[in-house]
Amino acid sequence: MKILLVDDEPRLARLLGDTLSEEGHDLVLRHSGSEAVEVLEKERFDLLLTDLKMPPPDGLALLKIVKERYPRTEVIVMTAFATVAAAVQAMKDGAFDFLNKPIELDELRIRVRKVGSKLEDRSERERLAVENESLRKTLGGAPGFEGLIGQAPTFQKALALAERVAQTDATVLLRGESGTGKDVVARSIHVASGRSRGPFVKVNCGAIPEQLLESELFGHKKGAFTGAIADRPGRFSLAHGGTIFLDEIGDIAGALQVKILQVLEEKSFVPVGGTETLQSDCRIVTATNRNLEEAIAKKEFREDLFYRLNVFPIHLPPLRERAGDLPLLLDFFLKQFGSDISRVAPEVRRRLLGYSYPGNIREMQNLIERIVITAGPDPIGAEHIPELKERGGAGGSYDFEIPPGGLVLEDLEKDLILKAIARSQGNKSQAARLLGLTRRTLYSRLERYGLAPAGEGDEGVEE
Ligand SMILES: Nc1ncnc2c1ncn2[C@@H]1O[C@H](COP(=O)(O)OP(=O)(O)O)[C@@H](O)[C@H]1O
Ligand SMILES: [Mg+2]
């Protein structure tokens, strides 16, 4: 860090300055408030370490000036025991910390390191915010698809297909686990299509009992069954001119599968208890999280219906295959619920990004909503997240493809290590954390690859 140290006692200033220089900081010493103001006008500092009692402006006045003009500079005030009230005032005025005189050098090192980690967290958050912003700009998204977040190649491939098929009247089958976005994509296809002015009618085929589903889909005539006191149009009729979305189509029972097949082939159907054939001009989008091939093998799903539905399949990837999209989604949902990444403690962020989300995007969305509500106006800390199982290890899965020509694993490892170090701006402990390594292991790899001067890392504390 770049540190400005102000104390009217030159000998003490030099001693403290030397101690901090040995820690690797870049020190500038001044002996009065006015000299400090002068140098602050010219240079930016990460930390101002100032005495309270000194030629004016005194420490408190200097603190106010710094907080007003250079809010990014942290301040630690040093004070003799007699002026502890002033120290309290300094904390109120925005000082990061205070130190009692006489100053213990170890204490000084510890407090200054704390400032260091605060700045590290801050720069990490700012870097992420910038990264997310630029990603969002490249997202763009075709009309109708704007709200869909994701850069992972597997997801982008699905989106590109959906955008293309939206322009046609083809029947679409959306496949993917629960919570992967089938509903939103179905809606987006409708909005992006030429039928966007028409109705979008959704039927959850899995949730409606079999006997009711037929009349729900195709309508019924008065007296068709007990309780049918009047003619009632079905969802296919209601969707005329628009799109019908048959969700959980894999759950439809055998007899109804035949009727659905007929609609697909002829766009015509007969209401329950009726005799005349009705037509509906609607585009059909279907979705399922079932493995239909397995259902066919078990004779639970008709093969001919499957081939009709599977004309244009779109597979929505599970979130664990889109690990790279987690920061984007995290940011997106925090904003959606009125919070912001800047309010999330780095530890919490790491854990949210390390979790596997078996319930996919829906689970992440629900989790973040709950966290934001529980935290209320407070910053989001570790106490607000329930136990999350870490991804990583054997369960880890990264969106990464081996190039056609193959690769050399050691080169990849070397490359990843260098990237982690660059990303943590040279902070090796942070880099080790990013890679799931201990600091010592990271150092030994660095040595193996000839990336570290021998002996580096022998001293220092293992975290
Ligand atoms: N790519 C995405 N970007 C942002 N939000 C999404 C995305 N995909 C899904 N969601 C949100 O996640 C939740 C679950 O999506 P949904 O379409 O209902 O999943 P499915 O129908 O596959 O179970 C919804 O609230 C939806 O808005
Ligand atoms: Mg759904």
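A: Helices (H or I, at least four residues) and strands (E, at least two) are DSSP runs, numbered from the N terminus. Residues are numbered from 1 along each chain as its sequence is written, with chains lettered from A and ligands numbered from 1 in the order in which they are written. Keep in mind that this is a predicted model, in which local features need pLDDT of at least 70 and side-chain atom pairs count only at pLDDT 80 or more, while totals for chains, interfaces and linings use all residues.

Q: How many helices and strands are there in the chain?

A: The chain has 18 helices and 14 strands. Its radius of gyration (taken over C-alpha atoms) is judged against the globule rule, 2.2 Å times the number of residues to the power 0.38. At 32 Å it is well over the 23 Å that the rule gives for 463 residues, so the chain is more spread out than a compact globule. The C-alpha trace spans about 105 × 50 × 35 Å along its principal axes.

Q: What percentage of the 463 residues count as buried?

A: A residue is buried if 20 or more other C-beta atoms, placed from the backbone, lie within 10 Å of its own, exposed if 12 or fewer, and partly exposed in between. Here 30% of the 463 residues count as buried. As for contacts (C-beta atoms, placed from the backbone, within 7 Å), 68% of those between residues at least 6 apart in sequence join residues at least 24 apart.

Q: Now the sheets, please. What is the order of the open sheet that includes E1?

A: Strands of a sheet pair through backbone hydrogen bonds, either parallel or antiparallel. For pairing, DSSP must find at least two bridges between two strands. In this open sheet of 5 strands, the order is E2-E1-E3-E4-E5, with parallel pairing. Strand E2 (26-30) and strand E5 (97-101) stand at the edges with a single partner strand each, so one side of each has no neighbour in the sheet. From one strand to the next, the twist averages 20 degrees. Strand E4 (residues 74-80) and E5 run parallel and are joined by 5 bridges; Thr 79 has Asn 100 in E5 as its bridge partner.

Q: Which helix lies across E4 and E5?

A: Angles run from 0 to 180 degrees between N-to-C directions, and axes are lines fitted to C-alpha atoms, for helices over the stretch in contact. Helix H4 (residues 84-92) lies across E4 and E5, at about 170 degrees to E4. Likewise, helix H1 (residues 10-22) lies across strand E1 (2-6) and E2, at about 170 degrees to E2.

Q: And what is the order of the open sheet that includes E6?

A: This open sheet of 5 strands is ordered E7-E10-E13-E6-E14, with parallel pairing. Strand E7 (200-204) and strand E14 (313-315) are at the edges, each with a single partner strand, so one side of each lacks a neighbour in the sheet. The twist averages 20 degrees from one strand to the next. Strand E6 (residues 172-175) runs parallel to E14, joined by 3 bridges, and Leu 174 stands opposite Ile 314 in E14.

Q: Which residues come nearest to ligand 1?

A: A residue is near a molecule if its C-beta atom, placed from the backbone, lies within 6 Å of it. Of the 14 residues around ligand 1, Ile 149, Gly 181, Lys 182, Asp 183 and Arg 362 come nearest. Helix H7 (182-192) and helix H15 (360-375) each supply at least two residues of the shell. Within H7, Lys 182 is among the buried residues, as are Val 185 and Ala 186; the cover over them includes helix H6 (153-166), E6 and E7.

Q: Which peptide bonds are cis, and where is phi positive in a residue other than glycine?

A: Most residues other than glycine have a negative phi, and most peptide bonds are trans. A cis peptide bond joins Pro 56 and Pro 57, with omega about -10 degrees, and another joins Lys 101 and Pro 102, with omega about 0 degrees. Pro 57 lies in the loop between strand E3 (47-51) and helix H3 (59-69), and Pro 102 in the loop between E5 and H5.

Lys 267 has a positive phi, near 60 degrees, and is found in the loop between H10 and E11. With 14 C-beta neighbours inside 10 Å, Lys 267 counts as partly exposed. Lys 299 also has a positive phi, about 60 degrees, in the loop between helix H11 (292-297) and helix H12 (303-309). Lys 299 counts as exposed, with 9 C-beta neighbours inside 10 Å.

Terms used: Two residues are in contact if their C-beta atoms, placed from the backbone, lie within 7 Å.
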